[in-house]
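Please look over the sequence and the fold below before reading on.

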Amino acid sequence: MKLRKQVTVCGGAIFCVAVFSLYLMLDRVQHDPARRQNGGNFPRSQISVLQNRIEQLEQLLEENHEIISHIKDSVMELTDTGAVSPSGHLPFKSANGSWVLPFDGRPTYLFIKPQDCQLAAGGHTQADVQMLDVYSLLKFDNPDGGVWKQGFEITYEPAEWDNEPLQVFVVPHSHNDPGWIKTFDKYFTDQTQHILNNMVVKLAEDPRRKFIWSEISFFSKWWETADVQKQEAMRKLILGGQLEIVTGGWVMTDEANVHYFAMIDQLIEGHQWLEGNLGVTPSSGWAVDPFGHSATMPYLLKRANLTSMLIQRVHYSIKKHFASTRSLEFMWRQAWDTGSSTDIFCHMMPFYSYDVPHTCGPDPKICCQFDFKRLPGGRVNCPWKVPPKTVVEANVAERAQLLLDQYRKKSKLYRSKVLLVPLGDDFRYDKALEWDQQYINYQKLFDYMNSHPELHVQAQFGTLSDYFNAVYKANGVAQGSRPPDYPVLSGDFFAYADREDHYWTGYFTSRPFYKSLDRVIESHLRGAEILYSLAVANARHAGMEGRYPVSDYGLLVDARRSVALFQHHDAITGTAKENVVVDYGSKLLRSLIGLKRVIINAAHFLVMKNKEFYRFYQTEPFLETDDRRATQDSLPQRTLIELDPAGPRYLVLFNPLEQERLCAVTVLVNTVRVRVLTEDGQTVPVQLSAQWSSATQMSAEVFEATFMVRLPPIGLAVFHLYDSSDTPMTLRSDTLLRLSGRGAGAARAANPLPVRSQQADDQPFYISSQCVTLGFSGSSGLLESIKRKDDPQEVKVHMQFMVYGTRPSKDKSGAYLFLPDGKAKLYSQKEPPVVRVVEGPLFSEVVTHYQHFQQSVRINNVPGVDGSSIDISTVVDIRDQTNKELAMRLVTDIQSGEVFYTDLNGFQIQPRRRHQKLPLQANFYPMPSQAYIQDSHHRLTLHTAQSLGVSSLESGQLEVIMDRRLMQDDNRGLGQGLKDNKKTVNRFRLLLESRSTGNKMTDSWTTSFPSILSHMTNAALNHDVLALPVLPKRRGIPPLQTFSPLKSFLPCDVHLLNLRSIQKQQRDTQTPSPYTALILHRLALDCSLEAQNLGFNCTTTQGQLSVSGLFRNLELQLLQPVSLTLMHSSAPLANDSSISLDPMEISAFKLKLR
């Protein structure tokens, strides 16, 4: 108390002195004799003196303001109950056995305006069709529907079209997978280039011919190799409306496993290419092959200014239900949208496939006869044993009548008299002959139909937008508007089944190694984009653009395209051939290496205290990368920092998050004598731990040093590491090996760090932090309970590992399908596990070694986000298994009933209901970033750093499939099982939250949202701090300083999705333009969960943000709202404008920063 009084008195005195000096100065200005003499007509010299005085006065006021805020901080610091030890400096153990740390003592606050919680608490969408209700309604039986096996018999009256003729649009297409059975490059060489070369010739032969194309990855490769004449011919076809680019993404993205950052990025990459090379803006989406459809996709397409979209792979029972209610076309609305601003018109294809037999009408036997590639003598035929016939004058009437009957039947499933008939399949139209076979025969059929008015039909080739525009016109509404009486739908279309109980839920986990690598690279790509944009803007500002490696932009473009390619629906899904997977992996690794280079080059420039000392040498990097991967399928090896008694090593830490971050960082060092200092010389506490080469063997050369840091948002901080004799701030972990059998009590004298061992027993054991206590099973070594310090209730959270087999029948699980042989069995092994318990001031962990997995469960003893959740890392290796799938199950006493929640693409939460009427495999869903269960007291969220399949098969359970090894193909075209498993690390954060008293569960049946803590936890898990050691230099290291780019904090419900430098000209992929795309997402919050201290100042502003006041030392010269993929611009705003975002809104802005 005495000290607090002294500081307050001292502060008050300083304040008085400052105010008095200001008064005196004002007095001097007012009583200046020169002013009296001139009667107000000042000479210029006097004016300049006065201006100087005013400036000095302003400076004094500013300094005075700083003094007061420092006094306030000091008083707050002293009154803060934060972790200040008795001595004020050293870590100590409290009475309950948990460590208390010296902490920078900065008080932090959490202030979320009630208005910023209203989306979670308020109303929900007014949809006519809610997919959750459809699932509850349907029987999911599978009666034989006749010729349309999964449907029903369709009938019509011949006179139905007398008043309004049937308009038929036949849309030729070729589905080109950028990698599946062959690699991307092999497909291009063997097939795709021929399709595009023939297209230029064959479409030009007749202006009535139309075609659509989707994948820009292939199209751009063709364009680069085509001569100017071909390019011009192609441009002419597009501008003339004969060829339409649909969706226009780099790929036709998967919709289950992909993260929304990458979904947007691949769409931007495709659209930017189109804008730069063709000046084309797509208006219709085309997704015929993704295995199930996410509600995120319509939102992103709408934000990119597309007006209509098409989907195909939807559960056959849902297709049948929608067909019977004529709801196959609908306005797709987001579940949280209480208006209609997110609506987009969507067409669902009604039948089994997008191939020709399943697109002209309900009878594939008849439709196959109108796939003229299958004419006798060709390499493909009709499985229904009736081949197509060439259309000639003698048979045209009969052929046209037969086809028209199918068209009419199909049109009965829709509300308008306009019909869409796709005409294509995988890699079709690669030979000139097929172009002739299809176009010439169909034109004869169209000519016959159109010349017979009694048929009441107008048939023609069309593009996708030709069809949609005709639907709008027939309904008398504007493009993209809701036609009268068309239903509004909300929800998604997972899980997909194409026949029987064949649910495509296996691919949610298939090849988890690459699902994990994808997310690591996405985080690096976002970090590299942001740092590169900031470095180039700062270099321009300093007039040093010529000295900065601006050509690193080429590495960014390469990485964007590799990541975009991997979002393809046979890549991230894990459903390609083994050699194709290696090709994807090699491209990703090359990009990761490039991105690390972009990051270290940008960080080098930005941490230089005096930019005059900045020198860039291509062959001599200033910084090392944080880790290295030897091959595309190996796990990363962290960089070792070799300390030297001769002097310090410098370490630059990069925080890719847009919020300040208080966290524990671990680096590898070569000695147990470690001291870590902040940039201004403060020693920070360090926990020194062993690096283990096996379950019981520690390394004698490499050690882990963990220390607590506070890092600026999207910034860089500098730390100094010394090899110095023991400091009281460096504490060694206490390690206990729980062993069974012989050797349990043996002392290990040779170990460089202390380790004890004891005989394992069945009694539970515990680890604690200031925040939480975890209980573990004495026998299994796995998690059993969580007790939060602020919650009187201990929650049972029992970790189990389970094993699924596959069916003995002919249909077995494969890359796509999950067909288990019944319920999972508990994983068991003969030997008890080796369990290692590590405790210390900064973290404690339990590591359990089993034969097929090792799991580490860690709690960080850090205030804020990092200390609130449980870090779970599981190394899985099932390479010696046969037809087995390993699952991690959490069994809790949370009364969740049959409801659980999974995310869609890391963007939004979708409530799920477990249905007993469905087979086990149908209750699995994709989990790209999180899943949770909850009751009126608690919510338990499993955050994930990689996309995996998840379910809740009983009340209180959450279960994740970790890896799958399957020895056979599942008959979906791949022709292989999953036998190329890798040693894989699956990383999670487990977050237990309490509902604040008096807060009932506010989730409506259709929406749910994470808390602010949950959002931050997910961001921290998915965007690791990068630890970049400065390489020792003979010439010494120039002075370095923290780089803190944000002048004002972003509201904590605004996520900086990207800060992307925009390309100059498409021909020049090495140089950026002076413009940058700022992409922001405003998060929606559930505030009914107890607010925690986040470790940083968190406020919300009802979506208001000033961009001009955001970046330190940079001038904002342009602020222009643009569509999500930067193609459509609004009028620029005044540079000092405040921008406004609604909850869940993603918006993009074009900036010019200097």
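A residue is called buried when its relative accessible area is under 20%, exposed when that area is over 50%, and partly exposed in between, as found with a 1.4 Å probe on protein chains only. By this rule Asp790, with a relative accessible area of 44%, is partly exposed, whereas Arg788, at 6% relative accessibility, counts as buried. The model is a predicted one, in which local features need pLDDT of at least 70 and side-chain atom pairs count only at pLDDT 80 or more, while totals for chains, interfaces and linings use all residues. Residues are numbered from 1 along each chain as its sequence is written, and side-chain values use heavy atoms, with hydrogens and water left out.

Charged pairs come next. A salt bridge is a side-chain nitrogen of Lys or Arg within 4 Å of a carboxyl oxygen of Asp or Glu, and a search of the whole structure finds 60 of them.

| Salt bridge | N to O distance | Relative accessible area |
|---|---|---|
| Glu160 and Lys412 | 2.8 Å | Glu160 25%, Lys412 28% |
| Glu269 and Arg1060 | 2.8 Å | Glu269 3%, Arg1060 2% |
| Arg788 and Asp790 | 2.9 Å | Arg788 6%, Asp790 44% |

Helices (H or I, at least four residues) and strands (E, at least two) are DSSP runs, numbered from the N terminus. In the salt bridge between Glu269 and Arg1060, distant parts of the chain are linked, since Glu269 lies in helix α9 (residues 260-277) and Arg1060 in strand β47 (residues 1054-1063), 791 residues apart. Glu269 is buried, and Arg1060 counts as buried too. Glu160 likewise forms a salt bridge with Lys412. That pair also links distant parts of the chain, with Glu160 in the loop between α5 (131-137) and β5 (166-175) and Lys412 in the loop between α13 (396-411) and β12 (418-426), 252 residues apart. Here Glu160 counts as partly exposed, and Lys412 is partly exposed as well. Elsewhere, a network of salt bridges links Asp371, Lys373, Arg374, Arg428 and Glu434.

Strand β30 (residues 783-788) contains Ser785, which counts as buried because its relative accessibility is 8%. The side chains of Ser785 and Glu794 are joined by a polar contact of 3.4 Å; such a contact is a pair of N or O atoms within 3.5 Å, where within protein one must be able to donate a hydrogen and the other to accept it, and residues adjacent in sequence count only if both atoms are side-chain atoms.

A nonpolar core is a set of buried Ala, Val, Leu, Ile, Met, Phe, Trp, Tyr and Cys residues joined through side-chain atoms within 4.5 Å. The largest such core has 259 residues, of which Phe219, Phe322, Tyr407 and Phe493 touch the most other members. A second, separate core of 31 residues includes Leu651, Cys663, Val686 and Met698.

Six strands form an open sheet in the order β4-β14-β10-β11-β9-β8, with mixed pairing. Because β4 (129-130) and β8 (284-287) stand at the edges, each with a single partner strand, one side of each is left without a neighbour in the sheet. Two strands pair if DSSP finds at least two bridges between them, and β8 pairs with strand β9 (residues 308-311) in the parallel sense over four bridges. Ser284 stands opposite Ser308 in β9.
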